[in-house]
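Q: I'm new to this one and would like to learn how to read it. Could you walk me through a few features?

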Amino acid sequence: PKEPGLSTRPHFEKRIKRHVIGRAKEFFAVTMPGFESLCLEELRALSLSDQNGKITPGGVAFKGRIHDCYQANLNLRTANRILMRIDSFRAPNFRTLEKKIAGFPWELYLQPFCEPEFRVTSRRSRIIHTKAISQRFKSGIAQRFEEMNIGDARIPLQSPRQTLFIRTLEDHFTVSLDSSGKNLYKRGIKKQPATAPIRETTASAVLMLAGFSRSDPLLDAMCGSGTFSLEAAMMVQNIPAGWFRNFAFTGWPAFGINYKRWEYLKSHHGKAITQPARALIFASDIDRNACNLLENVAAKHKLSQTIKVCNRDFFHLSPADFADRPGLVVINPPYGRRIGTPRESVSLFKHLCEKLKADYKGWKFALIVPRKSLLTEIPIPVKTHSVLHGGLKIYVATGKILS
């Protein structure tokens with residue numbers, strides 16, 4: 001039997017090309033607080049249709065074509081996710097809201113019966129019940145597909161989950177479609193659990209703030225699961241941040257029509273990936289198991305030529321052991337219960353700073369500091385940056401150890 005909706009397929013594709021692929025869209029790169037400027041710099045370094053991004057609360061707003069959305073997801077190292085705005089309207093009551101939902105062409109953005117998830121926030125609006133808003137959208141989208149007589153076709157079981165972000169402020173609704181899927185800090189590389197791991201987006205931001213140069217040595221002391229080493233290795237080898245993962249936009253109706261553009265982007269970036277002549281990144285930890293896991297991850301993703309892992313105590317290391325010139329040393333020391341009493345934690349931190357000052361002259365550094373009070377214990381001029389880690393505010397101290 002003939003597949004339902006097949007006779008109208010050419011017309012449907014024309015609508016997608018006209019309204020989704022062919023038009024500039026508004027996008028929003030969600031970032032951690034404090035990373036907005038770094039994300040804006042990253043966006044401006046990409047060859048997007050519109051280079052004029054703008055920092056707004058929570059991230060960076062930018063305009064572009066749908067392939068610019070692909071670019072942003074693939075390349076941005078400091079963004080958590082990329083949202084595409086698909087509708088904006090005023091609805092002071094449920095009756096108006098239902099009419100707006102019913103009249104929107106959901107079939108241009110969602111596959112039939114995909115049952116999207118909803119993330120709803122409401123502030124200073126007459127409609128305040130977020131669950132009721134989600135229900136209206138869920139039933140309205142289902143009704144739209146029924147009325148369009150799309151048929152009984154189902155999306156593939158492996159199709160990415162779709163999420164709609166719905167925000168209402170003072171009765172004004174903004175509806176955005178998540179293009180990323182899983183948070184972008186999930187690079188698709190590390191599978192092993194770690195104790196108090198630094199997120200990949202945070203690690204990239206720290207490297208940028210510290211002035212990491214792809215041609216200089218990097219010491220990831222107390223490396224743990226190796227987040228800093230892996231992020232730096234991807235930078236050195238020109239591997240895009242999202243190279244090893246999938247994205248929600250591959251489940252959009254538009255993707256099936258212009259997937260060749262995505263294949264071109266992947267091919268273009270794949271040709272730029274390089275292998276250094278020698279290792280530039282040195283990861284060290286006293287935990288042998290952590291070192292073994294990092295070595296396995298590096299080997300699996302062809303990063304072993306860039307990262308050299310050693311099972312040694314930072315306090316027994318000397319820069320001459322692994323580098324012939326100054327570079328950047330990054331340290332995320334253990335703290336809290338992992339190190340013992342508060343007094344022991346302060347003692348370790350002081351000892352660490354003394355080691356840096358004595359042995360790493362000429363080196364740039366980035367030091368993760370768990371408490372503001374510890375910043376006064378650093379015997380070197382620093383620039384401080386506050387970031388969120390696991391819901392808590394921590395500090396990143398960056399600077400250079402003068403000779």
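A: Let's start with a charged residue: Arg-77 is buried (under 20% relative accessible area, with a 1.4 Å probe and protein chains only) yet has no salt bridge. Its nearest side chain of opposite charge, Glu-231, is 4.6 Å away. A salt bridge needs a side-chain nitrogen of Lys or Arg within 4 Å of a carboxyl oxygen of Asp or Glu. Keep in mind that this is a predicted model, where local features need pLDDT of at least 70, side-chain atom pairs count only at pLDDT 80 or more, and totals for chains, interfaces and linings use all residues. Residues are numbered from 1 along each chain as its sequence is written, and side-chain values use heavy atoms, with hydrogens and water left out.

Q: Where does Arg-77 lie, and what is it in contact with?

A: Look in the loop between α3 (66-75) and β4. Contact means heavy atoms within 4.5 Å. Leaving aside neighbours within four places in sequence, Arg-77 is in contact with residues including Glu-42, Arg-187, Glu-200, Met-234 and Met-235.

Q: What describes two packed helices?

A: You use the angle between their axes and the distance between the axes. The axes are lines fitted to C-alpha atoms, for helices over the stretch in contact, with angles from 0 to 180 degrees between N-to-C directions. For helix α6 (residues 200-209) and α7, the axes come within 9 Å and cross at roughly 65°. That makes α6 roughly perpendicular to α7 (the word covers 65 to 115 degrees). The contact involves, among others, Glu-200 and Ser-204 of α6 and Glu-231 and Met-235 of α7.

Q: At what angle do α1 and α8 cross?

A: Roughly 85°, with the axes of helix α1 (residues 9-21) and helix α8 (residues 253-272) coming within 10 Å. These two are therefore roughly perpendicular to each other. Including Glu-13 and Ile-16, residues in α1 meet Pro-253 and Ile-257, among others, in α8.

Technical notes:
Helix = DSSP H or I, 4+ residues; strand = E, 2+ residues; numbered from the N terminus. Parallel < 35°, antiparallel > 145°, perpendicular 65-115°, else oblique. Buried < 20%, exposed > 50% of the residue type's maximum accessible area, 1.4 Å probe, protein only. Lys, Arg positive; Asp, Glu negative; His and termini not counted.
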